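Here is a short tour of one structure, taken a piece at a time. Keep the 3D view open while you read.

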Amino acid sequence: MTRNSFYRASRPLLGPSRTPILPNTILPSRCRRAYSIQSQEEDLARLPDIDPKALSITKTTTPKLIVPPEELIFGRNFTDHMLTIEWTASQGWLAPRITPYQNFSLDPATCVFHYGFECFEGMKAYKNSEGQVRLFRPDKNMARFNKSSTRIALPSFSGAALIELISKFCAMEERFVPAGKGYSLYLRPTMIGTQRTLGVGPPGSALLFLIASPVGPYYPTGFKAVSLEATDYAVRAWPGGVGNMKLGANYAPCIAPQLQAAKRGFHQNLWLFGEEEYVTEVGTMNLFAAIRDKETGKKVLMTAPLDGTILEGVIRDSVLDLARERLAPEGWEVSERKFTMKELADAADDGRMLEIFGTGTAAVVSPVRRIGWKGRLVECGLREDQEVGEITKRMKDWIEGIQCGDEEHPWSIEV
Ligand SMILES: Cc1ncc(COP(=O)(O)O)c(C=O)c1O
């Protein structure tokens, strides 16, 4: 049986596109049996990695119209093309392909639909004033992507090779990268298990794909400070769990508590953990609090430590680095430590609360006005007429300046 005839024989058609998306995939008989973790580990070390030199490109014959930047809605519009790279347990990573953006056709028994074999990344390409396209710390996204994929028994890959392909893809889709502060091309690298089986085991085949969506500023009319509800009846992540991975399975269970918070008039929910009510993350962002220390009176910028329950945010790491470099000399203490909701409430009551903000690739920073907790509202240091605190604004300006290349910095990489 040839590769393609096997594929056709095993593939019922799904969805409007009848184009075979995975024509390379051979599923050897071994892959269709349960595939042991030990033999997978042994084989993986010997298999071919992603090879950017093997890239094939098929250009679209129906280029899309560019949506005016002011009409962009997050995640609604996509570029002309997509990148796909298939993997099988016997052949390793196959030749990467850039093709016109199109539907997948997958068997209903494909393991991603049943057991959640899916992980992803969120990163962006920015255009500077000279029209150069840049990536921001893509090595961080690649390291996290590999951590996520291997945690769910999907393959690892060379981060440098994928960055090379992402760079080629971005250069090719350059006309979709909007210019200007706050505008970017959102990149969504994703990996799924594609083995057709209801057996629970390590997938014998996988697909890594990249799609991209032009996006505008998170706050098109300027900052809007958000109100949070501290969620005490559900947890996002727990010690020994997978909250520090970017698995699709971590996200769906967060929506119902967010809807509950919205019903009570809050923009987002704040995830607490344990009887102590440790403050962990906000919605899908890391959280920073700036307060004056009760004993020393010193200004402290703090965020929860990476104890396995916190996503290792690229912006979180960047804020910490910049704070250590630029705020510490001004007398700030920068701290990765556990802190509780009561500590924040006490700081607000004592007049020691300075500001609170979320961090993430989508918004860079998101200022917080107040937090609903145990039937009271904890004010987070903003005056009624103020939408953003001083540190939050300085962090946004520093990071955006680096992202779009206004400030020369090793974090910003030209594609
Ligand atoms: C749960 C969670 N925390 C934090 C972040 C922020 O991570 P980053 O700064 O890498 O975008 C994200 C967004 O990806 C997230 O989903």
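## Around the ligand

Start with helix 8, which gives the largest share of the shell around the ligand, 3 residues. Helices here are DSSP runs of H or I with at least four residues, strands are E runs of at least two, and both are numbered from the N terminus. What you see is a predicted model, where local features need pLDDT of at least 70 and side-chain atom pairs count only at pLDDT 80 or more, while totals for chains, interfaces and linings use all residues. Residues are numbered from 1 along each chain as its sequence is written.

Which residues come nearest to the ligand? Of the 13 around it, they are Leu311, Gly313, Ile315, Gly360 and Thr361; a residue is near if its C-beta atom, placed from the backbone, lies within 6 Å. Strand 13 (285–292), helix 8 (314–327) and strand 16 (353–360) are the elements that give two or more residues to this shell.

Sorted by class, the shell has 4 nonpolar, 7 polar and 2 charged residues. Ala, Val, Leu, Ile, Met, Phe, Trp, Tyr, Cys and Pro count as nonpolar, Asp, Glu, Lys and Arg as charged, and the others, Gly among them, as polar.

## Helix 8 and its strands

Helix 8 also belongs to a right-handed β-α-β unit, together with strand 14 and strand 15. Right-handed says that, with the strands pointing away from the viewer, the path from the first strand over the helix to the second runs clockwise.

Strand 14 (residues 299–303) and strand 15 (residues 333–336) pair in the parallel sense over 4 bridges; pairing takes at least two bridges found by DSSP. Look for Val300, which stands opposite Glu333 in strand 15.

## A look at Ile192

Now find Ile192 in strand 8 (residues 184–193). Is Ile192 buried or exposed? Ile192 is buried because 25 other C-beta atoms lie within 10 Å (buried takes 20 or more, exposed 12 or fewer, partly exposed is in between, with C-beta atoms placed from the backbone).

Leaving out residues up to four places away in sequence, Ile192 touches Val112, Phe117, Glu118, Ala206 and Leu207; contact needs C-beta atoms, placed from the backbone, within 7 Å. Thr110 is 82 residues apart from Ile192 along the chain, and their C-alpha atoms are separated by 9.6 Å.

## Two positive phi angles

Most residues other than glycine have a negative phi. Glu277, though not a glycine, has a positive phi of about 60 degrees. Glu277 sits in the loop between strand 11 (268–273) and strand 12 (278–282), and counts as partly exposed because it has 19 C-beta neighbours inside 10 Å.

Val364, in strand 17 (residues 364–373), has a positive phi near 65 degrees. Val364 has 26 C-beta neighbours inside 10 Å, so it counts as buried.

Key
Two residues are in contact if their C-beta atoms, placed from the backbone, lie within 7 Å.
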